Amino acid sequence: NCIGVYTNEELGKISDEEVQRALDTNVKAPVLLTSGLMERIKEDGADILNVASTVGLKAYPGEAIYGASKWAVRGFSANLQLELKNAPCRVISFCPGGFKTKLFEKAMGYDNTGEGTWMSAEDVAKVLKYTLDLPKNMEISEIFLNRKQS
């Protein structure tokens, strides 16, 4: 579950539409998808990897709604871990920090794909692949992946 929209409306100016869009996309969609596939997930012993964000660990200015939605994804993952503890499934909450993506460009017109200390999407994917390639009797329940800033 890696769907997500970014929003950075300031407190005092947050619109109902923006709250609804962020919560529908970032929270409601993965919850309903997972719920609809739950029997299949259990039968197949499938892993669930929910992409949250480091904003779901700590607050960032101007990201109240985005942060709240990513906190919700972490909470959903924790609940799934309990619900599936006796199933052959692993549930992983993945919280990456800033990496090169079109997310910011789509939301704010800011292109971060060619500059600075942003992590590469390829390196972030390697972390995910490594985690999913571990033996099924091992579960890394939550990953916090921060970018190293100079």
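## Aromatic pair

Tyr6 and Tyr66 are both buried in this predicted model. The two residues form an edge-to-face aromatic pair, with 5.0 Å centre to centre and 65° between the planes. Tyr6 belongs to the segment before helix H1 (16-44) and Tyr66 to helix H2 (residues 64-83), so the pair ties together parts that are 60 residues apart in sequence. A search of the whole structure finds one aromatic pair.

## Charges over rings

Two arginines are placed over tryptophan rings. Arg74 lies over the face of Trp71, 5.2 Å from the ring centre. Arg147 lies over the face of Trp118, at 4.0 Å from the ring centre.

## Cysteines

The structure holds zero disulfides. Cys2 is exposed, its relative accessible area being 66%, whereas Cys95 is buried at 0% relative accessibility.

## Helix H4

Helix H4 (residues 121-133) has 13 residues, which at 1.5 Å a residue should span 18 Å; the end C-alpha atoms are 18 Å apart, in agreement with that value.

The buried residues of H4 are Val124, Leu128 and Thr131. Seen down the axis of H4, these residues fall within an arc of 60°, so they line one face of the helix. An α-helix has 3.6 residues a turn, so residues three or four places apart point the same way. The buried residues of H4 pack against strand S1 (48-51), strand S2 (91-96) and strand S3 (142-145). On the face turned away from the buried side, H4 carries the exposed residues Glu122, Lys126, Lys129, Tyr130 and Asp133.

How values were computed:
Residues are numbered from 1 along each chain as its sequence is written. This is a predicted model: local features need pLDDT of at least 70, side-chain atom pairs count only at pLDDT 80 or more; totals for chains, interfaces and linings use all residues. Side-chain values use heavy atoms; hydrogens and water are left out. Rings of Phe, Tyr and Trp (its six-membered ring) pair if their centres lie within 6.5 Å; planes under 30 degrees apart count as stacked, over 60 as edge-to-face and the rest as tilted. Helices (H or I, at least four residues) and strands (E, at least two) are DSSP runs, numbered from the N terminus. Buried means under 20% relative accessible area, exposed over 50%, partly exposed in between (1.4 Å probe, protein chains only). A charge sits over a ring if NZ of Lys or CZ of Arg is within 6 Å of the ring centre and within 35 degrees of the ring normal. A disulfide is a pair of cysteine sulfur atoms within 2.5 Å. The expected span of a helix is 1.5 Å times one less than its number of residues. The arc is that of the directions from the helix axis to the C-beta atoms. Contact means heavy atoms within 4.5 Å.
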